[in-house]
Amino acid sequence: MSVLTTASGPAPVDEPADPPDTGERHRLTAVTGLAALSLDAVASVAYGPEAIVLVLAVAGGHGLGFTLPVTLAIAALLAVLVASYRQVIAAFPDGGGSYAVAKAHLGRRTSLVAAASLVLDYVLNVAVAVTAGVAALTSAFPELYGERVWLCLGVLALITGVNLRGVVDSARAFIVPTAVFVTSILVLIVAGLLRSAPTSTEAAAGHASVLAGNATTVGALLLLKAFASGCSALTGVEAIANAVPSFRTPRVRRAQHAEVALGAVLGVMLIGLAVLISRFHLQPVQGVTVLAQLADASLGHNAAFYVVQFATMTLLALSANTSFGGLPVLLKLLARDNYLPHVFALKADRQVHRHGVLALALVSAALLVLSGGDTNTLVPLFAIGVFIGFTVAQVGMVLYWRERRGPRWRGTAALNGFGAVLTGVCAVVVTATKFADGAWLIVVALPVLVAAFETVHRAYGRIGARLGLGRIPEPPHRDRSVVIVPVSHLSKLTSEALTAAASLGDEVRAVTVCHPDPEDRAQTEALERDWSLWDPGVPLVRIPTARRALGRPIAAYVRDLAATPGTRVTVLIPEVEPARLWQRVLQNQRGAVVAHAVRRDTDAVICRLRFRLG
């Protein structure tokens, strides 16, 4: 791997760039970007309105009357967030969203809090999306319920495999399910608006209502809780701003178009469904989703009803793709800033950050196994991180506009400030109401993750100081070079190794380790006799040892030799490269043992000569 030295640590350099525009075909357009990065937000209409209804149901039918006003307030916040993230896209075209905003205007520690919150939210989004989709499948086919964990892992493996082929391939694979779901919801809304009464109530028949007795008033706290719960529909709005580098040029314009399209589609669907809930006086029941009742009421209990259900199930499962589009880019930025291992900054041919994709898949798989594939176990942890990210981004943009003081900056900053207040309140309310249900884990995990970022950063700082990065080094000079070649027998491999060693150094020494038992002594004496007859012009040094060890005696010899001032030691280890992969198990791994000991105990240079068979 090539390394670029920076003031804070060695940073990885991507593989050589393709010729101009060659890599653009592996990037996103506005349409494919909407398909790849909006699945989380679009799919949230399946549970966002239901979250509002379930909270307001506590106040009975009178409380449900506030469904539309609460949804309109959420739609207004959505408009503020979309406008804000359009600004973020333009101001920070390298991506990173709230992390980039906070790093520029709120300080290092706040930026790490934003990054940690986004990381947690992205990981939880994958687990929640996959379990929700599988839960819809097992609801239709109860006999599969016992296999839900394996089904979850299978869906996760499918999404991971598609994303390893590139963000464009994932967008193309998921554009049809996205279009089918959005079309079915819009058709549902239009059909419902044309009806004065429900076409069918068969879906809810026989299910117990969860509606409480009518209350005379609805308190502000209940409305606030309903607003905060319904804001779960806004998760995923930030994903496009996090992944701006994944778009084709002009990246900013395409990403902004995708952001506006996402806000428009999501807003229309949320408001439309809320209107239908009020129009049909829908009441939540156990075991049937609000969206299913709306499909039943608008379209009837027929094939169209099942199309909506199947499209919902598919998109819920695939909405995990939003995390695969956004998190690897965020991890790349953190790695570039020395807060994560630099391997996360490497990019493959298809514009894929494979290490980020695989890390997300592994952590999500662990969550799926630990939760038993149960959505209800994961939901209390969900959405807290994204509200923190929203708030940090809004506050940062207020400072951004204040520093620039352009035309009408006060109005724009006031809009961002208003959004920051709303999302901050949501973060507090959601955390408080879900704390006992598991949200405390996020409260603990967030500072732990920030501390991990800091630890990695300090480690890279020490590495940079040790390497003298940022300072002009001393001019290079030539030292006496000694090459050590471990041998145990004579062969063509031995000759090749000595030839290579003679090309590398001023002096070459062959060494062999001799153990005290008679058999080993006899083998060593035989080697010395053959060496004298061969006479390669290189001395053979016997290294006696009382223990049955190979690597440590050679490392000790190298360490003593390197103690001589002005001497550089290279250990050249000859090894056979078999013609077949399975033949590697036939080797004795002596080279690996020697290399490990020399690397651990000395500063010598290690060369491993591969002699290819066949």
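V448 is found in helix α19, which spans residues 409–467. In this predicted model, V448 counts as exposed because its relative accessibility is 53%, above the 50% cut-off for that class. V448 also belongs to a nonpolar surface patch.

**Nonpolar surface patch**
- The patch is formed by F435, W440, L441, V443, V444 and V448.
- Together, these residues have about 530 Å² of accessible area.

- S184 is placed in helix α9, residues 167–193.
- With a relative accessible area of 10%, S184 is buried, since the class requires a value under 20%.
- A polar atom of the S184 side chain lies 2.7 Å from the backbone oxygen of F181.
- Leaving aside residues up to four places away in sequence, S184 touches V308 and A311.

**Aromatic pairs**
- Six aromatic pairs are found in a search of the whole structure.
- One of them joins F92 and Y400, whose ring centres are 6.3 Å apart and whose planes stand at 50 degrees, so the pair is tilted.
- F92 lies in the loop between α5 (67–91) and α6 (98–105), while Y400 lies in helix α18 (residues 384–404); the pair therefore ties together parts that are 308 residues apart in sequence.
- F92 and Y400 are both buried.
- Y85, F387 and F390 form one aromatic cluster.

How values were computed:
Residues numbered from 1 in each chain as written. Predicted model: local features only at pLDDT ≥ 70, side-chain atom pairs only at ≥ 80, totals over all residues. Heavy atoms only, no water. Patch = residues over 30% accessible without salt bridge, like charges linked within 9 Å, V, L, I, M, F, W, Y side chains within 5 Å. Areas by Shrake-Rupley, 256 points an atom, 1.4 Å probe, with all protein chains shown as cover. Salt bridge = Lys/Arg side-chain N within 4 Å of Asp/Glu carboxyl O. Helix = DSSP H or I, 4+ residues; strand = E, 2+ residues; numbered from the N terminus. Buried < 20%, exposed > 50% of the residue type's maximum accessible area, 1.4 Å probe, protein only. Polar contact = N/O pair within 3.5 Å; in protein donor to acceptor, adjacent residues only side chain to side chain. Contact = heavy atoms within 4.5 Å. Phe/Tyr/Trp six-rings, centres within 6.5 Å; stacked < 30°, edge-to-face > 60°.
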